[in-house]
Structures are given as C-alpha cells and as structure tokens.
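Hi everyone, thanks for coming. Let's have a look at the structure together.

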Amino acid sequence: MARRGDRTMWLFPALLLFLPGCSTAQDPITGPNMVSEHGSLTVRCPYDSSWKNNRKYWCRGADWSTCKILIETDTSEQLVKKDRVSIRDDQTDFIVTVTMEDLRISDAGTYWCAIEKIGHDPHFEVNVNIDPAPETSTKIMSIMAPDLTSTESTMENTVNYGETQTGTLTWSLLSSIYFKLLVFVEVPLLLGMLSAILWVNRPQRFSGGGEIG
C-alpha cells in the first residue's frame with residue numbers, strides 16, 4: 001500500500017499541467033535562430049498555448065540576464081508600438097510577432113523572445129544580422145551606369161566644336177581663293193583698263209614744218 005507522502009509527490013507534478021502559465025514543454029517559446037534582413041524585420045515566435053494570458057516581450061543583449069526590454073505586450077491581442085519596434089500577441093494561433101522598421105547597421109545583435117512569469121522567464125535567442133547588400137548593389141550600379149546628361153552634353157559640345165572648326169576652315173579657304181582671284185584676275189584686269197585709259201589720253205604729236213614769213 002502506497003504511503004500518503006508518495007501519493008502527494010505524484011499528484012504535485014500532475015497539478016502543474018492545469019495551472020495557468022505552467023507547462024512541462026521543453027520549449028515554451030521558440031523562433032528563428034538567425035535572421036538577416038534589410039529595411040524592415042519581422043520575427044514570429046510561436047509559444048505553448050498554456051502561456052496565452054502571460055505578457056510577452058522583446059529584449060536585446062548578448063547576455064539574457066542583462067538584456068534590455070525594448071517592448072512588451074499587455075494581456076490582450078492589441079498591437080503595441082514604440083519608436084521603430086512593434087509587438088502583437090496572436091492568442092488564437094499562439095504566436096507573438098515582433099516588427100522592427102527602418103533597420104540600421106547598429107541594430108544587428110542578439111535579441112530574445114520571452115514570456116513574463118514569476119521566477120525564471122521562458123525565452124528564445126534570436127540573432128539579427130543587417131544585410132547591406134542592396135545598398136551596395138545600388139552604389140555599384142550608380143557608379144557603373146553612364147551619366148546620360150553628361151554624355152549628351154559632351155556630344156553636343158563636340159558637335160558644336162566640330163561645326164566651329166568647319167566654319168573656320170571654310171572661311172579660310174574662301175579667303176584664300178578670293179585672294180588668288182584678286183591677284184591673278186582682278187589686278188591684271190585693272191592694269192589693262194588703266195593702260196587703255198592712259199593710251200587714250202596720251203598727248204597727240206603732229207608732223208610737218210611751220211610757215212616762213
């Protein structure tokens with residue numbers, strides 16, 4: 001026959017299953033071990049249904065015992081938002097969702113999904129990495145892409161310069177031709193006309209002797 005003390009020791013663990021916030025599950029709350037994101041970040045931490053009415057919170061710090069609580073839920077499903085962080089407790093699917101917006105490189109680090117209770121709080125570690133790849137890709141594309149405005153401006157300047165050079169060469173060529181025409185055509189013509197005028201206006205000489213009185 002079992003002793004009363006042995007029966008009491010057997011009943012105590014069984015009663016824990018029916019107490020709110022108590023569970024013998026190995027992982028009362030879980031989540032992703034590592035997240036790499038840019039822009040915004042959403043972390044979903046499922047938890048055991050027995051913790052439905054407990055507060056959940058999101059804290060940061062490499063050491064769990066000294067992590068800083070950034071935000072926490074109330075006992076409802078109401079969305080709670082503080083600065084760039086928000087948290088919501090889905091008490092139907094038993095998932096606590098944390099969202100971080102406008103991510104920065106300094107946001108990378110160790111975070112914890114946790115459940116508040118008397119004594120030791122169940123928690124799960126989440127490592128957050130901030131991926132700068134899209135920003136780097138944008139800079140590379142910006143460097144590699146040609147500046148169409150500068151290219152068009154350069155082409156326009158080249159065309160204008162070419163037109164100016166062409167106009168200068170054309171004017172020089174025409175001036176040279178005109179000079180040659182002036183020397184080889186107009187100057188002899190003017191000299192011929194001048195000779196004809198002098199020939200017409202030259203003094204007339206008459207032959208024959210004068211009368212002797």
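Which residue in strand 7 is the bridge partner of serine 86? In strand 7, that partner is threonine 99. Before going on, a word on the source: this is a predicted model, where local features need pLDDT of at least 70, side-chain atom pairs count only at pLDDT 80 or more, and totals for chains, interfaces and linings use all residues. Residues are numbered from 1 along each chain as its sequence is written, and side-chain values use heavy atoms, leaving out hydrogens and water.

When I say strand, I mean a DSSP run of E with at least two residues, numbered from the N terminus. Two strands pair if DSSP finds at least two bridges between them.

Strand 6, residues 85-90, runs antiparallel to strand 7, residues 95-100, with six bridges joining them. These two form a hairpin with four residues between them, and phenylalanine 94 in the turn has a positive phi of about 60°.

Strand 6 also pairs with strand 5 in the antiparallel sense, over three bridges. There, lysine 81 stands opposite serine 86. This hairpin has two residues between its strands, and aspartate 83 in the turn has a positive phi of about 55°.

How many of strand 6's six residues are buried? Five of them are, where buried means under 20% relative accessible area, with a 1.4 Å probe and protein chains only.

Threonine 73 is buried, at a relative accessible area of 1%. Its contacts (heavy atoms within 4.5 Å) include Val80 and Ile87, not counting residues up to four places away in sequence.

Notes: Buried < 20%, exposed > 50% of the residue type's maximum accessible area, 1.4 Å probe, protein only.
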